[in-house]
Amino acid sequence: MNRRPEHLTAREEQILRCIRRWIEEQGEGPSVRQLADDIGLSSTASVAYHLANLEERGALVRDGRGWRTCRLVQ
């Protein structure tokens with residue numbers, strides 16, 4: 001199932017905004033730890049959970065194994 005949901009949670013939107021900013025500023029996505037620090041979560045497992053949900057919903061796609069290689073789906 002690779003389709004963009006009509007509604008994302010506030011946390012998911014926050015994560016997508018953070019990833020978009022990192023890609024614009026750094027040329028690549030943030031690591032899970034950097035993303036956790038940036039959005040104020042202490043658990044990298046929570047961030048990985050949200051990222052997996054976003055990938056499953058089709059909001060982002062990984063080009064490799066790690067999350068730094070992700071790209072956002074328009």
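Glycine 58 sits in the loop that links α3 to β1 (60-62); helices here are DSSP runs of H or I with at least four residues, strands are runs of E with at least two, and both are numbered from the N terminus. With a relative accessibility of 4%, glycine 58 counts as buried, a label that goes to anything under 20% relative accessible area, while exposed means over 50% and partly exposed is what lies in between (1.4 Å probe, protein chains only). From C-alpha to C-alpha, glycine 58 lies 9.7 Å from glutamine 74, and the two are 16 residues apart in sequence.

A word on the model itself. It is a predicted one, so local features need pLDDT of at least 70 and side-chain atom pairs count only at pLDDT 80 or more, whereas totals for chains, interfaces and linings use all residues. Residues are numbered from 1 along each chain as its sequence is written, and side-chain values use heavy atoms, with hydrogens and water left out.

Now for the chain overall. The protein chain has three helices and two strands, and they come in the order α-α-α-β-β along the sequence. It has 74 residues, and 34% of them count as buried. Its accessible surface is about 4700 Å², with 45% of that belonging to carbon and sulfur atoms; the areas come from the Shrake-Rupley method with a 1.4 Å probe, and for residues only the protein chains shown count as cover. Among contacts (heavy atoms within 4.5 Å) with a separation of 6 or more, 46% are between residues 24 or more positions apart.

Next, the helix pairs. Helix α2 (residues 32-39) packs on helix α3 (residues 44-57) at an angle of about 100°, and their axes are 9 Å apart. Axes are lines fitted to C-alpha atoms, for helices over the stretch in contact, and angles run from 0 to 180 degrees between N-to-C directions. That makes α2 roughly perpendicular to α3, the word used for 65 to 115 degrees; under 35 is roughly parallel, over 145 roughly antiparallel, and the rest oblique. On the α2 side, Val32, Arg33, Leu35, Ala36 and Ile39 meet Thr44, Val47, Ala48 and Leu51 of α3. Sorted by class, this contact has seven nonpolar, one polar and one charged residues, where Ala, Val, Leu, Ile, Met, Phe, Trp, Tyr, Cys and Pro count as nonpolar, Asp, Glu, Lys and Arg as charged, and the others, Gly among them, as polar.

Helix α3 also packs with α1, at about 90° and with axes 10 Å apart. The two are therefore roughly perpendicular to each other. Here Arg11, Glu12, Ile15, Leu16 and Ile19 from α1 meet His50, Leu51, Asn53, Leu54 and Arg57 from α3, which comes to five nonpolar, two polar and three charged residues.

Glutamate 12, in helix α1, is buried, at a relative accessible area of 4%. Leaving out residues up to four places away in sequence, glutamate 12 touches His50, Asn53, Leu54 and Arg57. Histidine 50, in helix α3, also counts as buried, at 17% relative accessibility.
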